[in-house]
Amino acid sequence: MRILIVGGGTGGTIVANNLARRLSKEIRTRKARITMLSASDQHMYQPGLLYLAFGQMTPDELYRDQASLLESSIIFHVDPVEEYKIEEKYVVTKSGKRHNYDVLVIATGSRIAPAQIPGMTEGADTFYTEESAIKLFKKLREFEGGTIAIVVGVPHKCPIAPVELVFSLNDYFKKRGIRDKVHIKYHYPIGRIHTIENVATWAKPEFDRMGIEYETLFNVEEVDAENNVVKSLEGTETAYDLLIAIPPHCGMEEIEANNLGEDGWIPTDRHSLLMDGRDDVYVVGDTTNLPVSKTGSAAHFEAEVIAENIASVIKMGTPVRDYDGKVYCFIETGHDSATYAMFDYKNPPDLTNPSKPMHWFKMAYNQMYWTSVRGLL
Amino acid sequence: MSEKLVDARDTYCPGPLMELITHMKKAEVGDVLELLSTDEGTVNDVPEWVDKIGHEMVSSEEADGVWHLKIRKMK
Ligand SMILES: Cc1cc2nc3c(=O)[nH]c(=O)nc-3n(C[C@H](O)[C@H](O)[C@H](O)COP(=O)(O)OP(=O)(O)OC[C@H]3O[C@@H](n4cnc5c(N)ncnc54)[C@H](O)[C@@H]3O)c2cc1C
């Protein structure tokens with residue numbers, strides 16, 4: 001049984017390690033083989049980018065060697081996939097190598113697509129890549145006062161990031177003693193300040209307390225970088241001194257180029273996590289088209305289901321588990337407090353009061369992440 | 001012009017309206033999107049956005065706890 005995992009981020013790594021343990025005997029006796037193909041020899045802890053944007057982490061703290069995170073029985077190549085031959089059951093990599101498989105797991109994640117919005121690349125800062133987060137931090141350090149506008153593209157990964165950004169900005173400028181000189185205006189695509197109703201209800205008085213202005217039903221149409229104005233599809237506009245965007249996202253180019261899914265989102269069964277119409281291709285993490293938040297947490301829970309099911313199909317001819325839509329998200333509510341939201345397809349998120357211990361737990365999790373992707377947590 | 005189904009049943013995050021906005025971006029003017037939602041709030045949230053942006057609410061019906069909202073893209 002040849003299992004091929006494409007993508008060595010959160011989802012792919014957890015599937016690979018979890019499977020390697022479940023199939024240790026089969027791998028030893030050469031009845032199973034796990035190969036991972038990825039685009040990088042490095043693994044980035046992406047939630048760290050928000051800390052990088054506020055000078056609380058340095059870039060080196062975000063990375064580990066991908067090979068060091070994998071069980072030794074996993075064959076690992078840095079050689080991105082360019083062609084998917086789903087009917088013929090093989091992929092072709094950038095170096096021209098062909099990899100045949102019996103089971104394929106696609107875990108190539110998502111990427112920011114600021115170019116979808118005219119002017120956003122030139123006019124807006126972001127923190128969704130290492131380079132942009134550093135650039136933003138330098139600008140925040142130099143910022144002496146004025147309006148910071150926050151806009152949110154759809155769809156985007158880490159739905160809680162816009163709210164966390166607001167809390168972080170508030171704390172950062174308070175610490176610098178210039179909070180009264182900084183006007184923060186938050187814009188959000190739907191009719192409340194966060195898509196999760198409980199989060200919106202809780203965050204609204206917090207925004208009021210911090211003196212954050214907010215405009216809802218604001219979908220960015222265009223950024224006029226010359227005049228520092230951001231315009232919405234709904235017909236309103238905001239002038240800014242610094243614009244921070246959570247850009248719209250799409251899946252990887254190769255997914256769309258190989259007709260696996262529009263915009264790089266692969267049609268996926270929400271319970272089995274199989275690609276629609278296939279029983280030999282699983283999809284995990286951001287690149288699914290599921291109506292589930294694009295988070296490491298969702299990728300983690302999905303990965304466990306996929307690994308367990310691939311192993312049980314090999315061992316007893318049937319999958320044993322369905323994905324229930326579970327997501328667990330920490331919510332940083334400033335630089336010294338946090339809360340969390342947990343939900344699944346059937347149960348809405350229930351929020352607890354933010355606390356310092358929760359923030360310390362998130363800080364600990366920033367380290368525990370590496371244990372978690374090794375499949376040990 | 002085509003009709004497309006957006007299945008946003010049982011989703012709390014990103015939620016039905018976010019799903020609709022995502023799919024609306026890819027639709028052509030004149031296309032009708034049918035949004036399925038199990039969230040009662042959708043019957044208010046979606047028309048509010050549709051009105052503000054200038055699309056057209058074609059219909060809104062509930063059957064067996066699922067709301068079916070049809071929206072035509074106008075611009
Ligand atoms: C600023 C920020 C804050 C975040 N905060 C949180 C948070 O607090 N909590 C949370 O749960 N999530 C958070 N996330 C989201 C989380 O990081 C992602 O949702 C998660 O990493 C998705 O996992 P994935 O496996 O789908 O993709 P990724 O982890 O992005 O991995 C994709 C992998 O695919 C590889 N790849 C790409 N193309 C190819 C190819 N053609 N061939 C082979 N390999 C390829 C890449 O090299 C990479 O290894 C945050 C993200 C950002 C950017």
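## Contacts between chain A and chain B

Across the interface of chain A and chain B, 13 residue pairs are in polar contact, both residues being at pLDDT 80 or more; a polar contact is a pair of N or O atoms within 3.5 Å, where within protein one must be able to donate a hydrogen and the other to accept it, and residues adjacent in sequence count only if both atoms are side-chain atoms. The side of chain A that touches chain B has 16 nonpolar, eight polar and seven charged residues. Here Ala, Val, Leu, Ile, Met, Phe, Trp, Tyr, Cys and Pro count as nonpolar, Asp, Glu, Lys and Arg as charged, and the others, Gly among them, as polar.

Five salt bridges are counted between chain A and chain B, a salt bridge being a side-chain nitrogen of Lys or Arg within 4 Å of a carboxyl oxygen of Asp or Glu. In one salt bridge, B:Lys26 pairs with A:Asp263, with 3.1 Å between the closest N and O atoms.

## Basis of the model

This is a predicted model, in which local features need pLDDT of at least 70 and side-chain atom pairs count only at pLDDT 80 or more, while totals for chains, interfaces and linings use all residues. Residues are numbered from 1 along each chain as its sequence is written, chains are lettered from A in the order in which they are written, and side-chain values use heavy atoms, with hydrogens and water left out.

## Area between the chains

Contact (heavy atoms within 4.5 Å) involves 31 residues of chain A and 22 residues of chain B. About 2300 Å² is buried between the two chains, 56% of it given by carbon and sulfur atoms; buried area is the accessible area (1.4 Å probe) that two parts lose on being put together, summed over both. On the chain A side, A:Val154, A:Leu217 and A:Pro291 lose the most area to chain B, together 23% of what that side buries.

## Domains of chain A

Chain A is divided into domain 1 (2–109 + 252–326) and domain 2 (113–249), with bounds from an automatic or database domain assignment. Their contact takes 16 residues from domain 1 and 21 residues from domain 2. The C-alpha centres of the two domains lie 32 Å apart.

The area buried between domain 1 and domain 2 of chain A is about 1400 Å², with carbon and sulfur atoms giving 72%. In domain 1, A:Leu50, A:Ala53 and A:Phe54 lose the most area to domain 2, together 40% of what that side buries. Across this domain interface, zero salt bridges are found, and three residue pairs are in polar contact, both at pLDDT 80 or more. The domain 1 side divides into nine nonpolar, four polar and three charged residues.
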